[in-house]
Amino acid sequence: MSAPTLEIRNLTKTFPIRTAFGGKAGAVTAVDDVSLRVAAGAVYGLAGESGSGKSTIARMVMGLTRPDSGDILIDGQSIIGVKSHAHRGRVQMVFQNPGASLNPRRTVGQSIRVALDAHGKPAARVGDLLDMVQLPRHFADRYPHELSGGQKQRVAIARALAVEPRLLVLDEPTSALDVSVQAKVIELLEDLGRDLGLTYLFISHDLSLMRNFTAEVGVLYRGRIVETGPTARVFADPQHDYTRLLLASVPVISDEEAALRPDIPLINGELPTAEELLALRQAERKSE
Amino acid sequence: MSDLDLSEQAALSNAWQNWYRFSRNPTAVIGAIIVVVAVLLAVFAPYIVPYPADAGAVVDFQHRHLPPSWEHWFGTDNTGRDNFSRAIYGLRVSLALAGVVLVIAVPVGTVLGILAGYFGGWTEIVIMRLTDIALAIPPLVVALAVAAVLEPTLLNSMLALASLWWTWHARLVYSVTRQVRAQEYIEAAETLGASKLHILFREILPNVISPVAVKTSLDAGFVILIGAALSYLGLGVRPPTPDLGTMVANGANFLPDFWWESMLPATVILVLALGFNLLGDGLRDLFDVEDVR
């Protein structure tokens with residue numbers, strides 16, 4: 001078997017908490033001993049709420065943040081301490097908010113050309129890339145403020161694809177978009193993944209998207225992967241209370257969906273927070 | 001239709017939109033008109049003024065201290081020269097001073113500010129502390145000192161002002177760069193593998209240009225005032241070269257009887273400085289809207 005496109009081994013990252021005078025007051029463990037493997041052409045979902053360490057993992061995979069320990073391998077080669085330029089030709093990222101990730105003073109064409117120029121690809125590819133993300137070619141001369149959120153995200157995807165990466169990190173690529181647009185962008189990503197043989201690391205807190213888009217999922221809670229496995233299995237039969245809680249928080253429309261929803265005891269008529277629920281379960285186990 | 005046509009169209013419509021918003025702002029338009037008229041008058045002074053010869057050392061004692069009239073709009077001075085002609089010529093000195101000082105100071109300040117804001121660390125400490133030190137020195141005092149030590153010429157005043165003026169732009173650009181640098185699109189450009197040079201001058205610079213343009217226009221007014229102050233103190237332009245500050249200084253000897261000799265050139269300085277300030281404010285309004293869009 002060939003090496004997986006992305007392999008993360010025992011990745012750990014802590015951030016120091018500084019006092020007002022710059023002294024160390026403690027540390028937050030953002031990512032705690034995380035390991036995962038994504039096979040070539042697969043879609044791996046990292047689920048978790050804000051602060052669970054999702055984006056820190058994305059930044060480390062991109063080489064924007066250095067891990068404290070552990071290793072990240074792309075196609076079997078470690079990226080820690082490797083010259084970043086070559087790495088960026090293989091891994092690219094689509095950011096959460098396309099309104100912020102495109103320079104407002106530069107046209108769409110100019111933004112895409114940055115990627116082409118940086119990796120020695122012909123500038124004439126701008127048109128092809130716009131075709132790929134199903135935007136008209138003349139959008140190359142538009143400024144971001146003339147585009148809708150969905151169109152901007154398509155531009156961001158085109159820009160990431162310009163360097164012809166093997167792995168695309170999608171950091172909540174649809175959370176800043178209207179619900180009606182989200183589905184279209186996900187469809188586009190699925191088509192592109194199939195046509196170009198891309199591997200995705202899909203980061204999101206949106207579990208319904210996760211269920212439809214990813215083949216395998218890892219649930220992050222406070223920097224640790226608490227549950228991992230094929231998406232269908234994890235969603236049908238969650239083993240960890242935190243996964244159950246996340247699933248119970250998803251709004252449902254139909255009865256079938258409601259039947260899939262795990263049972264979570266309510267505290268004062270509301271869904272408990274993860275901390276409350278875990279404390280409750282521990283108390284239950286003790287009393288048994 | 002080819003791609004080129006489309007890009008030209010887009011650029012045109014953008015420029016047209018900007019012009020439309022600008023033209024709806026009366027103070028900005030007044031400022032722009034004052035500045036454009038002043039520049040035209042200065043450039044074409046020899047062909048416009050009624051008494052071109054009076055720009056030099058002319059003495060005509062029969063027409064000394066004449067009050068404003070149809071022949072002499074601003075009256076005449078101590079040696080019988082036409083004050084209007086000399087005031088128009090004086091615009092040349094004021095505008096040249098503002099132009100040279102800002103052409104030197106603005107690029108220097110902008111580049112230093114971007115470098116300090118983007119790289120941080122030691123680059124920032126060195127550049128910004130140097131800026132702080134320079135900011136503590138009043139430009140007028142340095143100009144006075146330079147004029148006292150070296151020759152009191154226009155060129156020396158320009159260099160003295162320019163040597164300190166960059167600090168204001170460095171400060172401004174530094175703080176704007178800090179904001180821009182935190183934006184996701186800079187991180188996106190880094191992720192794509194863009195070079196440092198590209199990020200500094202292609203990604204950050206376009207976002208810094210609008211505040212710099214506003215400040216430059218406002219500064220032009222200040223530089224003109226300082227230049228006039230230097231001339232007033234006798235440290236600027238040498239007679240007989242016509243200069244607004246010198247005219248105010250000479251005319252002040254004959255206050256209050258021959259008030260026009262100082263008050264009217266002073267009014268020209270005032271209007272010119274006001275014009276640049278109105279233009280600067282108008283540009284700021286224009287760019288603010290653009291940022292909100």
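Start between the chains. Chain B and chain A bury about 2,100 Å² between them, and carbon and sulfur atoms give 54% of that area. Buried area is the accessible area (1.4 Å probe) that two parts lose on being put together, summed over both. Select B:E184, B:T191 and B:L192 next: in chain B they lose the most area to chain A, together 32% of what that side buries.

A word on the ground rules. This is a predicted model, where local features need pLDDT of at least 70, side-chain atom pairs count only at pLDDT 80 or more, and totals for chains, interfaces and linings use all residues. Residues are numbered from 1 along each chain as its sequence is written, chains are lettered from A and ligands numbered from 1 in the order in which they are written, and side-chain values use heavy atoms, with hydrogens and water left out.

Now show the contacts. 23 residues of chain B touch 28 residues of chain A, where contact means heavy atoms within 4.5 Å. How many salt bridges cross the interface of chain B and chain A? The rule finds 2; it asks for a side-chain nitrogen of Lys or Arg within 4 Å of a carboxyl oxygen of Asp or Glu. Select A:R106 and B:E203 to see a salt bridge, with the closest N and O atoms 3.4 Å apart. Between chain B and chain A, 9 residue pairs are in polar contact (both at pLDDT 80 or more). A polar contact is a pair of N or O atoms within 3.5 Å; within protein, one must be able to donate a hydrogen and the other to accept it, and residues adjacent in sequence count only if both atoms are side-chain atoms.

Colour the chain B side by element. The elements giving two or more residues to the side that touches chain A are α1 (3-23), α8 (184-192), α9 (196-232) and α11 (260-292) of chain B. Helices (H or I, at least four residues) and strands (E, at least two) are DSSP runs, numbered from the N terminus. The largest share, 7 residues, comes from α8(B). By class, this side of chain B has 7 nonpolar, 7 polar and 9 charged residues. Ala, Val, Leu, Ile, Met, Phe, Trp, Tyr, Cys and Pro count as nonpolar, Asp, Glu, Lys and Arg as charged, and the others, Gly among them, as polar.

Chain B has 11 helices and 0 strands. Its C-alpha trace spans about 75 × 55 × 30 Å along its principal axes.

Select α2 (residues 26-43) and α4 (residues 83-119) of chain B. They pack at about 110 degrees, with axes 8 Å apart. Axes are lines fitted to C-alpha atoms, for helices over the stretch in contact, and angles run from 0 to 180 degrees between N-to-C directions. α2(B) and α4(B) are therefore roughly perpendicular to each other (65 to 115 degrees). Show B:A38, B:V39, B:L41, B:A42 and B:V43 of α2(B), which meet B:I88, B:L91, B:R92 and B:L95 of α4(B). The contact has 8 nonpolar, no polar and 1 charged residues.

Go on to B:L255 and B:P256. A cis peptide bond joins them, with omega about -5 degrees. B:P256 lies in the loop between α10 (244-252) and α11 of chain B.

Bring chain A back. Select A:R224 and A:D32, a salt bridge with the closest N and O atoms 3.1 Å apart. The pair links distant parts of the chain: A:R224 is in strand β10 (residues 224-230), A:D32 in strand β2 (residues 24-38), 192 residues apart.

Last, select A:D33, also placed in strand β2 of chain A. A:D33 is not a glycine, yet has a positive phi of about 55 degrees.

Key: Angles under 35 degrees count as roughly parallel, over 145 as roughly antiparallel, 65 to 115 as roughly perpendicular and the rest as oblique.
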